[in-house]
2 protein chains.
Amino acid sequence: MTSDGTVGKALEVLDQVAAFGRPVRFSEVLARSDFPKPTLYRFLQTLTNQDMLAYDPDRQTYSPGIRLVRLAHAAWEQSTLAPIARPHIDALSAAVGETVHLAQLDHAQVLYIDKRNANNPVQMFSQAGKVGPAYCTGVGKVMLAFSDPARIDAVIDQQSFHRFTPTTLTDARTLRDELTAIRANGYGFDREEHEPGIICIAMPILSDAGRVLGALSVTSTTGRTNLAGLESYVPILSDTAAAIARDAQNWSFPDHDTKEATGR
Amino acid sequence: MTSDGTVGKALEVLDQVAAFGRPVRFSEVLARSDFPKPTLYRFLQTLTNQDMLAYDPDRQTYSPGIRLVRLAHAAWEQSTLAPIARPHIDALSAAVGETVHLAQLDHAQVLYIDKRNANNPVQMFSQAGKVGPAYCTGVGKVMLAFSDPARIDAVIDQQSFHRFTPTTLTDARTLRDELTAIRANGYGFDREEHEPGIICIAMPILSDAGRVLGALSVTSTTGRTNLAGLESYVPILSDTAAAIARDAQNWSFPDHDTKEATGR
DNA sequence: AACTAAGTTTCACATAATGAAACCTTGTTG
DNA sequence: CAACAAGGTTTCATTATGTGAAACTTAGTT
């Protein structure tokens, strides 16, 4: 499980480079890696050849490569809720005039899939692709709350419970209590748990079978509204989530009746 | 070069799956693949284990996986012009009130890196991560025009010259003439060459050394303006391109102040 | 029940990955 | 400017891994 052969190891290296969040030198990766020098060196070479990494010869640094951007576009269109949810999110965003997020759970983290700013629409990877902690975001807690117990345990196990603000939930117990409350309620809040002044209301997107497909949230600031204000969005949020879930289940790719006029 | 060992082969499979543009069954991939059945099978398993592919057990289909979205975010922030160009593009978009694109050349294709929609948005094919043809887009031709001769030859060699509209350039000769004209001019147009009714003006982003870093474009419709109208944007486009190039060359990552996990 | 196509597993064999050691190359120091 | 590091690259015998023909197991016909 730790390793899917050579390919798994290479991808581990790729992740390690990406994890730095900035271009890195060979020796820096080496210091954090379990691989011996020549092995790591060969992986970096291979990944660079393959455009999975980009190498800057001047600075002698590696960073995640452009091929990933191409591949991710395909992933985003085929393996996420984003394309299905798009019209619904547009409508929601227009209706509430606040920032809207669409997220999915990826292992123990929240992965933001799409976003609408009230003002400037559609900025894809600028937000989408970003990951955040599950335990202190509205979407994270809501998705967790409706996951099956085994999953909840696994995810909670991996949380670091870093205190971002005074209201951050900082241990498993309080988080579990919060999850129970969310389950009872049907939706959840972020009470400035991640960033001071930032609050949100989050709604799970559930399949008919009750499986968590993702989550929606409407974010605002304490200067503009409060939790009670956000709560007034519950009906539209719940309708939107239901609509997305319905579409997701009826959706199958344009099998043969392809229009695809928009070329490549 | 064809193959970087096992890792290269696995990534080839990943590309093949992504190329379908929709979830695919094992046998479909097999039909297009040179790999023998069990080999391909194992690659798909490995990639799925690694979340580079997602497997839908109901439909028995593979599609590009969610891990790619995470990785691409890192790539987008570190290996593209997008983060540097962002404020400049915001300003440009606000100033001209039309759709603005930022693109880079990826092999023989145009890769859209970022985009700003106009206030009155035109529905179009482009998005960050999406690829387009180099020979019939403003950004593509402009980037090509300022590339070195060897590169131009290589890229032209790989173009398919599909006729999208009546004005599409459909052979290497006319394209080369157009590139010469663009080089003389300093910028280029898309004269409804890709989509009817869609025109644009494109400006290369060049380093001091004259290397092509990317390209910018302002897109509109024949209903709203014409080429002469777009040409009035030349000064602001050229200033913006210069500003981006300058920032790109002075850019170095926040070296030591690591404040990880501030994710949104 | 008999057939078929798609998907999965096995296993002897060949290839490709491995990493200790040696080797460059560039920048630093006495 | 010789001697030294430190970071980066190459070599090569050893071993682990990947390979794919064939056999097998479903699931879906007719």
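Tutor: In this predicted model, rings of Phe, Tyr and Trp (its six-membered ring) pair if their centres lie within 6.5 Å. Planes over 60 degrees apart count as edge-to-face.

Student: How many aromatic pairs are there over all chains?

Tutor: The search covers the whole structure. Its total over all chains is 10 aromatic pairs.

Student: What kind of pair do Phe35(A) and Phe43(A) form, and are they buried or exposed?

Tutor: The ring centres of Phe35(A) and Phe43(A) are 5.6 Å apart. Their planes stand at 70°, so the pair is edge-to-face. As for accessibility, both Phe35(A) and Phe43(A) are buried.

Student: At what angle are the planes of Tyr187(B) and Phe189(B)?

Tutor: Tyr187(B) and Phe189(B) are both buried. Their ring centres lie 6.0 Å apart. The pair is edge-to-face because the planes are at 85°.

Student: How are H1(A) and H4(B) oriented to each other?

Tutor: H1 (residues 5-20) of chain A packs on H4 (residues 67-79) of chain B, with the axes 10 Å apart. The crossing is left-handed. Residues in contact include Leu11(A) of H1(A) and Leu71(B) of H4(B). The angle is about 45°, so H1(A) and H4(B) are oblique.

Conventions:
Residues are numbered from 1 along each chain as its sequence is written. Chains are lettered from A and ligands numbered from 1 in the order in which they are written. This is a predicted model: local features need pLDDT of at least 70, side-chain atom pairs count only at pLDDT 80 or more; totals for chains, interfaces and linings use all residues. Side-chain values use heavy atoms; hydrogens and water are left out. Rings of Phe, Tyr and Trp (its six-membered ring) pair if their centres lie within 6.5 Å; planes under 30 degrees apart count as stacked, over 60 as edge-to-face and the rest as tilted. Buried means under 20% relative accessible area, exposed over 50%, partly exposed in between (1.4 Å probe, protein chains only). Axes are lines fitted to C-alpha atoms, for helices over the stretch in contact, and angles run from 0 to 180 degrees between N-to-C directions. Helices (H or I, at least four residues) and strands (E, at least two) are DSSP runs, numbered from the N terminus. Angles under 35 degrees count as roughly parallel, over 145 as roughly antiparallel, 65 to 115 as roughly perpendicular and the rest as oblique. A crossing is left-handed if the near helix is turned anticlockwise from the far one by less than a right angle, and right-handed if clockwise. Contact means heavy atoms within 4.5 Å.
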